Amino acid sequence: MNASSMEHMMQQLNAATDLAERRRTAKEIIEEITTPETSSIAFSLAKDSLENALKDHQTGELGTYLHVSDPEWVVALIEILHRCLEAGGDLSGCITSIARLHHLDRKESAKSDTELYLQYRAAALLDALLAAEVPFPDEAVRLILAAGKRYVKDKATEQYICSIHWRLADSGVNISGAIPSLVTVFKNGETSGLVHYSLLALWAAVRQGYFDTPIPDSDLTYQVWLKHLISSSTFKLKKKDEPHQLGIIGCLIETVRTYPELKALAAEYLEQCKLREPKRPTTDFQRDVKQYFDLCRA
């Protein structure tokens, strides 16, 4: 498809008011994005359309948008942009705009289903961009970190948020402000995906030393949340069918190695949970548990 044909289809999408027609046109555009060349054309057009769709929209105290006047239109554009990324396109010019959409600055209960889905699509795209190792502007990172303390209603969206924080932490971004939320998500364990990605984010925070960050307006650091991380992790290991047991024990080992002053507390939780020390470990997990017991005694 040439640039003229793509531009005509994008004009049809922008002018559409019927939801079914809009979805059909967006699907047709997405199907045409198959190469870096078509991706480049579609990205330029979709970026301009997104800027037009968000023109004069107000932002809240987080810096993200308060509302979106036509969320269905914006969802269609985000889906097109996501396809552009998958086809090898460069989306670096719209990352901050997407970050302003991943958590609208209102209570979740006040948002429509379409707005909640918009947040899901924006979070999914941000996560995909980080997975592709696309550099993020400082402002986009700031927006993500600011929103990281807020409640997220949709669990699939929350899973992407946890994954985003994991990828940011692994790349050297201090995610300490999100530690309380991540610990709570991990403890509650509402879905397997939430446990997995919140654990990865917290493990990265331990590795990178982000728990040593001072809590704003306090004499304490985020180390106060290590107790909750250790207790929740230990209690989860009581489950014989815990699917994330290797990650959990790995995080515990890293934690007591990094913070040896917590060994006594860790040993206390082992006793409370009545976890048994493997005498003749035969699996990787049993060997890790044996190592953890040894560390707690050292």
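Modeller: Before we start on this predicted model, one term: a crossing is left-handed if the near helix is turned anticlockwise from the far one by less than a right angle.

Biologist: Good. How does helix 8 pass helix 10, then?

Modeller: In a left-handed crossing, going by that rule.

Biologist: And why is helix 8 called roughly parallel to helix 10?

Modeller: The axes of helix 8 (residues 155-170) and helix 10 (residues 192-208) cross at roughly 20°. Angles under 35 degrees count as roughly parallel, so helix 8 gets that label against helix 10. Their axes also come within 8 Å.

Biologist: Which residues meet there?

Modeller: From helix 8, Cys 162, His 165 and Trp 166 are among them, and helix 10 brings residues including Leu 194, Tyr 197 and Arg 207. Sorted by class, this contact has eight nonpolar, six polar and four charged residues.

Biologist: What makes Cys 94 buried?

Modeller: Buried means under 20% relative accessible area. Cys 94 has 2% relative accessibility, so it counts as buried.

Biologist: And what about Cys 273?

Modeller: Cys 273 is in no disulfide either: its nearest cysteine sulfur, on Cys 296, is 12 Å away. With 4% relative accessibility, Cys 273 counts as buried.

Conventions: Residues numbered from 1 in each chain as written. Predicted model: local features only at pLDDT ≥ 70, side-chain atom pairs only at ≥ 80, totals over all residues. Heavy atoms only, no water. Axes fitted to C-alpha atoms, helices over the stretch in contact; angles between N-to-C directions. Helix = DSSP H or I, 4+ residues; strand = E, 2+ residues; numbered from the N terminus. Parallel < 35°, antiparallel > 145°, perpendicular 65-115°, else oblique. Contact = heavy atoms within 4.5 Å. Nonpolar A, V, L, I, M, F, W, Y, C, P; charged D, E, K, R; others polar. Buried < 20%, exposed > 50% of the residue type's maximum accessible area, 1.4 Å probe, protein only. Disulfide = S-S within 2.5 Å.
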